[in-house]
Amino acid sequence: MTSETEHVAKTLPARYYTDPTVFNQELKRFYSEMWVCVGRANRIPAPGDYFLREVGGESLIVVRETGDKIRSFFNVCRHRGTRICPVAEGNFAGHIQCGYHGWKYGLDGRLMGAPHMHESFHREDYPLHSLNTGVWDGHIFINMAQEPEPLLMQLKDLPQKFSHWRMGELALYRRITYDVRANWKLILLNYNECLHCPVLHPALSAISDYRSGSNDQPNASYIGGSMEFCGGAQTMSTDGKLRRTYLPELTSEECTKVYYYTIYPNLLLSLHPDYVMTHTLFPRAVDRTEVICEWHFHSAEMSKPDFEGDDAVKFWDETNRQDWSISELSQAGIGSRAYTPGPYSRSENLLRAFDQMILERERRDA
Ligand code: FES
Ligand SMILES: [Fe+2]
């Protein structure tokens with residue numbers, strides 16, 4: 001006879017959070033073969049503007065070539081392999097030059113100058129190694145696979161679903177980078193349930209009902225759902241008070257909720273009635289993840305002389321730190337010899353779906 005307990009969904013075995021071999025396989029599977037969000041297009045507004053991003057153990061250059069063309073390259077010189085650019089962000093002023101022997105590349109990656117090379121040397125044989133690059137509503141994505149599926153296929157229905165927020169038109173207000181001592185999946189698991197909210201986030205629970213809202217049917221590209229405000233709150237901030245007008249195209253229903261979505265493998269979208277918060281995750285080790293949190297507001301609001309955004313930043317920065325701290329404690333506990341997979345409740349169905357996605361992709365590669 002099969003007992004009910006045998007069917008209870010359980011958390012993943014420890015090796016998924018502690019084994020460097022599993023970590024390296026996941027880096028390849030999720031961060032080299034899927035579209036990964038690396039930042040925002042408005043971070044590099046002018047031709048030559050660039051920033052560096054480390055993804056899957058690789059240093060990448062993300063650069064604006066022309067008005068509407070963004071490219072990305074491996075940060076590796078084609079001469080003797082030197083890392084070309086050591087500075088985190090800036091402007092290339094027309095070309096990208098290696099600091100070793102001066103090989104010079106165009107913003108499109110073509111090799112333009114290679115001093116001292118022999119006469120039969122063909123510059124066209126040595127462009128920078130480029131990556132597939134795409135932009136969705138202001139978010140830049142890269143993909144290291146040779147022939148990836150189109151970005152829009154990975155995003156499924158999200159472009160239509162979230163079109164009312166017009167994310168491409170929002171401007172950055174604040175960026176905070178966190179160094180979290182936890183496996184990247186623990187951070188995603190934490191983001192996708194709010195059963196912990198009454199215990200861990202009393203301030204959040206005062207303005208948002210963790211039992212409200214609903215989740216979408218999970219799929220291979222994303223999981224997520226919404227939560228409603230409570231206690232008279234109108235947005236997520238230190239006091240729930242609305243200090244900015246609603247984003248212009250939202251429906252009245254969209255103004256009553258916050259939408260929380262995880263777009264695999266590394267973008268967390270938190271869509272509020274009056275601003276958008278994003279987290280991008282960059283795994284650094286099996287037990288360490290760099291998390292970049294950004295707050296984006298409508299530029300018309302930001303240009304008002306009495307604009308305020310710190311209420312949203314302070315609220316989420318405190319909540320973030322509570323989440324990172326508990327994720328680090330999760331990491332510590334899972335590293336114990338006493339850890340064995342524990343049971344999920346029915347309300348943790350998104351977490352179960354995430355784990356299933358991890359296992360499914362692992363099976364596909366086996
Ligand atoms: S290694 Fe870059 S120019 Fe020589
Ligand atoms: Fe939380």
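1. Let's start with helix α5, residues 184–191. Eight of its eight residues are buried, so the rest of the structure largely encloses this helix. Here, buried means that 20 or more other C-beta atoms lie within 10 Å of a residue's own; exposed means 12 or fewer, partly exposed is in between, and C-beta atoms are placed from the backbone. Among the buried residues of α5 are Trp 184, Lys 185 and Tyr 191. Helices (H or I, at least four residues) and strands (E, at least two) are DSSP runs, numbered from the N terminus.

2. A word on what you are looking at: this is a predicted model, in which local features need pLDDT of at least 70, side-chain atom pairs count only at pLDDT 80 or more, and totals for chains, interfaces and linings use all residues. Residues are numbered from 1 along each chain as its sequence is written, while chains are lettered from A and ligands numbered from 1 in the order in which they are written.

3. Now find the open sheet of seven strands, with antiparallel pairing in the order β1-β10-β9-β4-β3-β2-β5. β1 (36–40) and β5 (89–91) are at the edges with a single partner strand each, so one side of each has no neighbour in the sheet. From one strand to the next, the twist averages 30°; angles run from 0 to 180 degrees between N-to-C directions, and axes are lines fitted to C-alpha atoms, for helices over the stretch in contact.

4. Two strands count as paired if DSSP finds at least two bridges between them. Strands β3 (residues 58–66) and β4 (residues 69–74) run antiparallel and are joined by six bridges, with Leu 60 partnered by Phe 74 of β4. β1 pairs with β10 (residues 139–143) over four bridges, also in the antiparallel sense, and there Gly 39 has Ile 140 as its bridge partner. Five of the five residues of β1 are buried.

5. What about the largest nonpolar core? A nonpolar core is a set of buried Ala, Val, Leu, Ile, Met, Phe, Trp, Tyr and Cys residues joined through C-beta atoms within 7 Å. This one has 86 residues, and those touching the most other members are Val 36, Val 38, Val 62, Phe 141, Ile 142 and Ile 187. Domain 1 (18–153) and domain 2 (157–365) both contribute residues, so the core lies between them. The domain bounds come from an automatic or database domain assignment.

6. The C-alpha centres of domain 1 and domain 2 are 28 Å apart. Their contact takes 20 residues from domain 1 and 19 residues from domain 2, where two residues are in contact if their C-beta atoms, placed from the backbone, lie within 7 Å. On the side of domain 1 that touches domain 2, the elements giving two or more residues are α2 (20–32), β1 and β2 (49–55). The largest share, six residues, comes from α2.

7. Finally, have a look at Pro 265, in the loop between β13 (257–263) and β14 (267–271). A cis peptide bond, with omega about 0°, joins Tyr 264 to Pro 265. Pro 265 counts as buried because it has 25 C-beta neighbours inside 10 Å. Not counting residues up to four places away in sequence, Pro 265 touches Phe 30, Tyr 31, Met 34 and Val 36. Pro 265 and Cys 37 are 228 residues apart along the chain, yet 8.4 Å separates their C-alpha atoms.
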